[in-house]
Amino acid sequence: MPTLDTPLTRPFTGPIDRLGVLVAALVAVGLFSPFALFRANRIVPGTAQTLLEALPGVGGLLAVALLSVAGLTAVIRTRASFRLMIGLGALLLLAVAIGMGANGLTPPGDKVSRIAPAMGFWLLVLGFGLLATDSVSRLRLSPLGRVGLLVAVAAAMALILASGLWSSLSVLREYANRADSFWREAGTHVALAVGSLVAAVIIGLPLGIFIHPRRRIRGWVSRGLTVIQTVPSIALFGLLIAPLAWVAANVPGAAAIGLAGIGAAPALLALFVYSLMPVVSNTLVGLDGVPAASNEAARGMGMTDGQRLVQVQLPLALPSILTAIRIVLVQNIGLATIAALIGGGGFGVFVFQGVGQTAMDLVLLGAVPTVALAFSAAVILDAVVELVSRKDQR
Amino acid sequence: MKLGLVFRIGTIMLLAVFLLQPDWFAFVFAPMTKNGQPAIYVQNSLLSLTISHLLIVFAATLAASAVAIGLAIAVTRPIGREFLPLSRTIANAGQTFPPVAVLALAVPVLGFGTEPTLLALFLYGLLPIFENALTGLTTVPPQVEEAARGMGMTDRERLWQVELPLALPLILAGVRISAVIAIATAAIGSTVAASTLGEAIIAGLINSNLAFVAQGALVISALAILIHDGIGALERRVGRHLIQG
């Protein structure tokens, strides 16, 4: 990765951390705002509960005390690793507090009441989230370190979900009602995003290699792909319905293999078309970046064109191609949400259902996994790209 | 190059004629309808939908540009340096956020209609502009900075006469990316009842009338390509101007 991160020596202005002041302010406002929102069912307006009301007794007092101390600690300038621990610790405390609060607020045996985190909870999460994010970016973790941190956070989330701590929260109530379809749509979502990427690599990589030395075709292909890339997703999904419906109706056997105007087929095709441009253009950039001397040396050693491609050019172009895969995968995970509009499935189903029913919990049930998936893919593939490019430089 | 110009003018003319007299094109779309469905979307005129689509995109992109460039300047000055690593991480992570999610999550705060769409477009539009402005402002060659300092320029003069002009092509590229994303996201805004061209597409999907879907999709695509092209041309002009001095 080109490093724009010129090491910044922070101007030392005293023991006060400016970002810490912001964090402390968010924590202060958050502690005085409603922590959870209780609704007797999905539709009625809710009543707000502060942290002390949601967690009566010693637990609530302890939580307020610990969160205040953590917020105040952020103001003082300390080591980044220490700040990271404070931030993550406070976030964990918040996760436990909202879960226990929701369990306590739910009347025994009740299935229709909905308890959602309220403004105060989100402000606290934002405050400590900023603290943790800032310390991570200051720590300049190694690629493996970043993946390790991601795995640790994911494991903690999985543990919380498995323990049933959050099972009274409204989002998980929605999940419990449709656990089967959730995992089915999750599978569809991943299949759409990854399937189109694999197809794009299978087609795009040879296409890039083929047009690389052919200047004229190369200009036309990249211009055409750029235009397609510009076409908005909802429009492309829509435009593909008509030709696919025609193919399904008129080509024998097409309908039998699942081709149809509406559904997964146009979604997969649209995502594939979007993925093609980054793959082809980064293949070209990667091949362009192969030093002339390397090519000469390979020729001098008597390598055939094929050997030169596999043993010299492709390994040198690998970081650039991997970067394209990272861009495409993250982009596809987001775009696959829109597939739901044309009956293609995926997490978008919950998002658009939720929007239709003004049920925010349902929107979250679709949006949160999508964001988590995209974010994890970005962190992991960034680490891979960095490791591969570093090996190159040695 | 000449062919490109013909293509551009042709697209603009065709788009203008279609928006003013959509009925003239009914024969193109009629084969896509079934059982005597109407061939042209008339619930709202395509022209008014196009205008409100463009207004939403313009307002959101303008606001996002102003705020993003302001933020990028702030975190590269000594007073905001402490926020630079954090803002860079947030900009990176924020781009993994799908625009649909931003749109859907803005509804509970702002209700249905144009407002959540504007907010989502604005928030999502910030990231590419901010990231590009940041790259532009932090990669001014050190020799140039030194020369400017040696000429006795103040910090403010350096910002206005050296750093911002050098970062301008990159900033424009960010604005281009934002505007194109905004056109796409505005279309999805119709799922939360914003008045945009997405309305025709969604009406077509609900009534399974492919003619409506195609109309909305074609106009949106043409707009996106023209805007992408226009800002791209501006970038090249600014870049050339910089090289020639």
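Trainee: Let's start with A:F182: buried or exposed?
Mentor: This is a predicted model, and in it A:F182 is buried, with a relative accessible area of 9%.

Trainee: And A:W183, buried or exposed?
Mentor: A:W183 is exposed, because its relative accessible area is 55%, over the 50% cut-off.

Trainee: How many aromatic pairs are there over all chains?
Mentor: The count comes to nine. Among them is A:F182 with A:W183, an edge-to-face pair at 5.1 Å centre to centre with 90° between the planes.

Trainee: Which residues make up the ring cluster around those two?
Mentor: Ring pairs link A:F182 and A:W183 with A:Y175, A:F347 and A:F350.

Trainee: What about B:F18 and B:F25, what sort of aromatic pair do they form?
Mentor: Edge-to-face, with 5.3 Å centre to centre and 85° between the planes. B:F18 is buried at a relative accessible area of 8%, and B:F25 is buried at 18%.

Trainee: While we're on chain B, what is its secondary structure?
Mentor: Chain B has ten helices and zero strands. Its C-alpha atoms fill a box of roughly 75 × 50 × 25 Å along the principal axes. Of the 245 residues in chain B, 50% are buried.

Trainee: What share of the chain B contacts comes from residues 24 or more positions apart?
Mentor: That share is 75%, taken over contacts with a separation of 6 or more.

Trainee: Back to chain A. Which strand does strand 1 pair with?
Mentor: Strand 1 (residues 36-39) of chain A is joined to strand 3 of chain A by four bridges, and the two run antiparallel.

Trainee: New topic: how many residues does helix 3 of chain A have?
Mentor: Helix 3 (residues 58-75) of chain A has 18 residues. From first C-alpha to last, helix 3 reaches 26 Å, close to the 26 Å expected at 1.5 Å a residue.

Trainee: Which residues of helix 3 of chain A are buried?
Mentor: A:G60, A:A63, A:L67, A:A70, A:G71, A:T73, A:A74 and A:V75. What covers them includes helix 1, helix 2, helix 4 and helix 5 of chain A.

Trainee: Where does A:S320 sit?
Mentor: A:S320 is in helix 13 (residues 305-335) of chain A. A:S320 is buried, with a relative accessible area of 15%.

Trainee: What does A:S320 touch?
Mentor: Leaving out residues up to four places away in sequence, A:S320 touches A:N282, A:V285 and A:G286. A polar atom of the A:S320 side chain lies 2.7 Å from the backbone oxygen of A:N282.

Note on methods. Residues are numbered from 1 along each chain as its sequence is written. Chains are lettered from A and ligands numbered from 1 in the order in which they are written. This is a predicted model: local features need pLDDT of at least 70, side-chain atom pairs count only at pLDDT 80 or more; totals for chains, interfaces and linings use all residues. Side-chain values use heavy atoms; hydrogens and water are left out. Two strands pair if DSSP finds at least two bridges between them. Buried means under 20% relative accessible area, exposed over 50%, partly exposed in between (1.4 Å probe, protein chains only). A polar contact is a pair of N or O atoms within 3.5 Å; within protein, one must be able to donate a hydrogen and the other to accept it, and residues adjacent in sequence count only if both atoms are side-chain atoms. Contact means heavy atoms within 4.5 Å. The expected span of a helix is 1.5 Å times one less than its number of residues. Rings of Phe, Tyr and Trp (its six-membered ring) pair if their centres lie within 6.5 Å; planes under 30 degrees apart count as stacked, over 60 as edge-to-face and the rest as tilted.
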